Amino acid sequence: MITFNDIMDTKIAMKDAWDFREKIKDTEASFDYMQTINCKTAEQVNSLIGRFFNQPKKIAAYTWKRKNKYNTTPNNIDLQISKSGMGATHRGNRIDAYTKLLDDDSYYESKGMVGDVIDDKEVYDKTFACLSEKGQDVLSALKEAREASNIKHPKSTTIKYPLKLSEDERECFNLKDKSIVDFTEDAFIELKDDYKEMVVEVKSEVAKNTNQYTKEGTIFKINNLDMNDEKDFQYFLFIHYHLKEFEDAFSQYMEKTKEHKARWTTFKELMNEKIAKYVVLYKM
Amino acid sequence: MSMIGFDELNETKKELNEVKEVVKQSGELKSVCSYARDINKKFMPSINRLIGKSLNQSTKADVHEFEFKDDDNRVSKATLEISKRGIGATSSSRYQIEPYEKMFNEADRYGNKSEGFIKDVIDNKEVFDKALEYLNPKGKEIMKIVKEVRQKTNIGIPEVTQIHKPFKFSNGEKEFFSLGSNEGLIEILDDGNSVEFGVSGIKENRGIEKASLFSIHTLNINSEEHFAYALFVKNHKKDFEEAIKEYNKETKETKDKWEKFDTEMKEGLAKYILLERI
């Protein structure tokens, strides 16, 4: 029979599981990292283009036939430049400025500033012609950084890592469903960068059939664990015994997101170098 | 013992089966206060209807005049009256009788003077006798039944019951629950609706403030989240059983009184209620 003294001794001995929990907490979600650059740079570039726009009125740089989110019939959309920056206008007069470099979720089915403008030679040249020298410099910087880094749409990454449970663990977590023959598949670690944070959960197909767990089969979520919460003791114990698998899943995530993230890091650095002087100037 | 394994956890879990009975008992605890409150208002609609039907005056009868303080502490006058709607009070600003809703008023609806049908009418000889004057023999009989049952059972205002049973946390428990002291309380709290059965202690990070650690009536001993709580209940099974016993003992007299009142009132009023329905 376990005593509370045994539990306390065990809590001390499973510090490795606590450390893993901390590591997850401190790891930046790759998706959020990329999306932040994606949005912030578009905002920065737009401010500069608006700032360096030297025409008295807005300029229509290009006209598309494009559908909006709620309509299947394409309408004429103007890509315009004004003091508000660069963006599209539809029936109204105000510019709906780009909020992202790639994959803009605006009212119009836009591919973002890079997809719409930088990657389309005709649009780019027309836009370029409407800008002052400094504006052209900013736009060129974006084009160069884009080409050098080859950034792609920020996307969420999911890792599913199978867990082999012991008989005792299956008994403890009520996962003794006889219909599941292949026990290597009876539980898994799911690691997902759910935009704002990296979420790590232990799930099981069998767990979907019990009332104890969520309908997604989540047994526990590492992000929610608290070392000082007595309810989480067994979950930390589980992490301790499967630390290698958790570390492997984590490494897989880091590996899988490495290239994508590196491109965005390169892009960020290049952009910083190229437009830093304008940003500083603008802020002054 | 070295590091706990899941095999040891499962072995211990099996031994925790013996706390199932305590958890079951705690979940079955019924609020005696709620039981008494239900009976407190259960008979008033029937009594009011029967008294209303037994009024021997053509419209209404003034039984008693009294002063009361309103919400703003101003003294107002009200009259205890009987009409076809039953027995109740009318204030100077209202003409309709507001019939009594309860045997004992916990919420002081008519101001300080009104304490419910029993205190205002049954227990007050002057008011009781006056009320009888305006009723036909059937109405008088009903009033007398209430008086007799009241005297026989000696019911009082339904009150909540709370059990606070001190106990000591072991050092391991104290450390595990991050407590600042070994002093703990097993509490059974009847709030008038339901019964909460829990364990409290002084949390280390909250100074002297007592904190609720967990509830027993909602424990699921098969859930890994409740494992430590179930283990705790096993270690203190005797204390929990005693607390349940104490609650049952403390509420027994009240429960018996109201149970008796319920039975006797049903017996006494049955024929009149039946007659009224026919």
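**Chain contact, sheet and domains in the predicted model**

In the predicted model, the contact between the chains draws 24 residues from chain B and 24 residues from chain A. On the side of chain B that touches chain A, the elements giving two or more residues are α1 (6-15), α8 (171-176) and α9 (227-235) of chain B. Of these, α1(B) gives the most, with seven residues. By residue class, the side of chain B that touches chain A comprises ten nonpolar, seven polar and seven charged residues.

Chain A contains an open sheet of four strands, arranged in the order β5-β6-β7-β8, with antiparallel pairing. In general, the strands of a sheet pair through backbone hydrogen bonds, in either a parallel or an antiparallel manner. Within the sheet of chain A, strand β6 (residues 187-194) and strand β7 (residues 197-203) run antiparallel and are joined by seven bridges. A:Asp193 is found opposite A:Met198, a residue of β7(A).

For chain B, the domain assignment gives two entries, domain 1 (6-36 + 159-256) and domain 2 (41-157). The centres of domain 1 and domain 2 of chain B, taken over C-alpha atoms, are separated by 43 Å.

Conventions:
Residues are numbered from 1 along each chain as its sequence is written. Chains are lettered from A and ligands numbered from 1 in the order in which they are written. This is a predicted model: local features need pLDDT of at least 70, side-chain atom pairs count only at pLDDT 80 or more; totals for chains, interfaces and linings use all residues. Two residues are in contact if their C-beta atoms, placed from the backbone, lie within 7 Å. Ala, Val, Leu, Ile, Met, Phe, Trp, Tyr, Cys and Pro count as nonpolar, Asp, Glu, Lys and Arg as charged, and the others, Gly among them, as polar. Two strands pair if DSSP finds at least two bridges between them. Domain bounds come from an automatic or database domain assignment.
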